[in-house]
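These are my notebook entries on a structure that I looked through for the first time.

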Amino acid sequence: MVLQPLKALVAQLSTQPIIFVGGKGGVGKTTTAAALASYFASQGRKTLIVSTDPAHSLGDVLNTRLSNEKTVLNPYLDAIELNPDIIVDAHFAQVERTIKGYANPDMMPKIREHLRLSKSAPGAQEAAMLESMCQHLVTAADGGYEHIIFDTAPTGHTLRLLVLPEMMGAWTDGLLAQQRRQAKLRSIATHLDTNSRHTDKKGVPNPFAKHTPDRWAQAVNVLEQRKELFRQAGLLLHDRVQTAIILVMTADILPLAETKRAIEQLEENNLTPAAIVVNQLINPAQTDPFWQQRADRQQQLMNDIERNFSNYPIYPVYLQQTDIRGTEALSKLFTPTV
Ligand SMILES: Nc1ncnc2c1ncn2[C@@H]1O[C@H](COP(=O)(O)OP(=O)(O)OP(=O)(O)O)[C@@H](O)[C@H]1O
Ligand SMILES: [Mg+2]
């Protein structure tokens with residue numbers, strides 16, 4: 001029997017700075033993530049909670065308005081809802097600045113048009129969100145946070161976020177190789193045309209001509225930095241000492257099937273969940289026959305859940321009378337009286 005009281009979850013996670021909360025739609029990811037963050041903060045542990053779900057509800061659960069910038073909720077708790085539109089705009093503005101560094105100015109209107117269209121290309125928002133997520137991940141320790149908790153969108157999205165750093169790293173590698181080849185060709189061309197590089201047509205020295213290769217180096221530098229960011233994030237995500245992946249589910253057939261698939265996909269990528277939270281359980285002692293039947297059905301499914309996930313600690317969470325809103329109510333979810 002691997003069922004554990006919920007307060008044991010915070011004890012299990014207390015030494016793990018990075019926590020991802022994933023699972024099927026509507027099972028209680030945001031509630032669990034916000035409850036963990038509120039609890040750690042209530043214990044005086046500086047915590048940052050980041051929602052990567054474009055359909056945000058973290059602000060609603062925390063009873064406050066959040067944005068793409070950090071909002072201070074109390075001295076120990078900051079929260080962010082990553083906004084894909086803002087992040088994509090900032091990302092493409094940065095790409096444009098980089099390209100401007102080495103592209104022929106006549107080409108810029110075409111390039112700008114291409115970038116404008118790329119903003120709505122499939123995967124663009126995901127890539128930009130991922131970069132932002134990785135930035136928060138690698139800078140959290142410097143920001144003085146003891147925990148950074150990610151409230152994610154339904155399962156598929158979470159899994160992609162977790163495995164994307166490696167894919168993006170490989171993709172950036174490809175771009176860098178291409179840049180290097182082009183840089184080599186440029187340097188040969190420049191070498192053949194040494195006069196035009198150092199002097200103008202009348203032979204007047206032009207020391208500014210050497211700015212082009214510098215800008216080129218700058219562009220490569222941006223890519224190198226991005227690659228390094230993905231490398232570091234990938235290392236952190238795969239480090240079981242630092243990162244915990246929590247899968248939330250309800251005691252229902254579809255969430256059970258989806259959680260099984262999620263674990264398989266995580267394992268294919270050398271990742272493993274640290275714990276499974278089974279949420280919205282109905283108290284087994286019911287007087288009403290309808291609720292009694294539902295509670296009995298859940299108990300049967302709990303047996304399946306325990307059998308299927310015998311390798312992982314499972315934490316049951318009972319359905320509360322009302323939605324759990326605000327840091328105080330959320331953090332109480334982990335106290336033994338609930
Ligand atoms: N243990 C619980 N007791 C009572 N209400 C709960 C409990 N867990 C979650 N809820 C309620 O269920 C609804 C869905 O929860 P939540 O938003 O946390 O799920 P989610 O997995 O983040 O959903 P989404 O996939 O839409 O992001 C919310 O209204 C929440 O308040
Ligand atoms: Mg949610």
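I began with two definitions: two strands pair if DSSP finds at least two bridges between them, and strands (E, at least two residues) and helices (H or I, at least four) are DSSP runs numbered from the N terminus. The model is predicted, so I noted that local features need pLDDT of at least 70 and side-chain atom pairs pLDDT 80 or more, while totals for chains, interfaces and linings use all residues. Residues are numbered from 1 along each chain as its sequence is written, and chains are lettered from A and ligands numbered from 1 in the order in which they are written.

**Entry 1: the chain.** I counted 12 helices and 8 strands in the protein chain. I call a residue buried if 20 or more other C-beta atoms, placed from the backbone, lie within 10 Å of its own, exposed if 12 or fewer do, and partly exposed in between. Of the 338 residues, 32% count as buried.

**Entry 2: the sheet.** In what order do the strands of the sheet lie? I found 8 strands in an open sheet, ordered β3-β4-β2-β5-β1-β6-β7-β8, with mixed pairing. β3 (71–74) and β8 (314–318) are the edge strands, and each pairs on one side only. On average, neighbouring strands are turned by 20° against each other, direction ignored. Axes here are lines fitted to C-alpha atoms, for helices over the stretch in contact, and angles run from 0 to 180 degrees between N-to-C directions.

**Entry 3: helix α2 and the core.** I define a nonpolar core as a set of buried Ala, Val, Leu, Ile, Met, Phe, Trp, Tyr and Cys residues joined through C-beta atoms within 7 Å. The largest has 69 residues, and I49, A34 and I149 are among those with the most contacts inside it. α2 gives the most to this core, with 8 residues. I count a contact when the C-beta atoms of two residues lie within 7 Å. Leaving aside neighbours within four places in sequence, A34 is in contact with I49, L58, V61, L62, D151 and L330.

**Entry 4: ligand 1.** I take a residue as near a molecule if its C-beta atom, placed from the backbone, lies within 6 Å of it. Which residues come nearest to ligand 1? Of the 18 residues around it, they are K29, T30, T31, Q320 and D323. α2 (29–42) and β7 (275–281) each supply at least two residues of this shell, and α2 gives the most, with 3 residues.

**Entry 5: A274.** I placed A274 in the loop between α10 (253–268) and β7. A274 has 18 C-beta neighbours inside 10 Å and therefore counts as partly exposed. A274 and Q12 are 262 residues apart in sequence, yet 8.9 Å apart in space, C-alpha to C-alpha.
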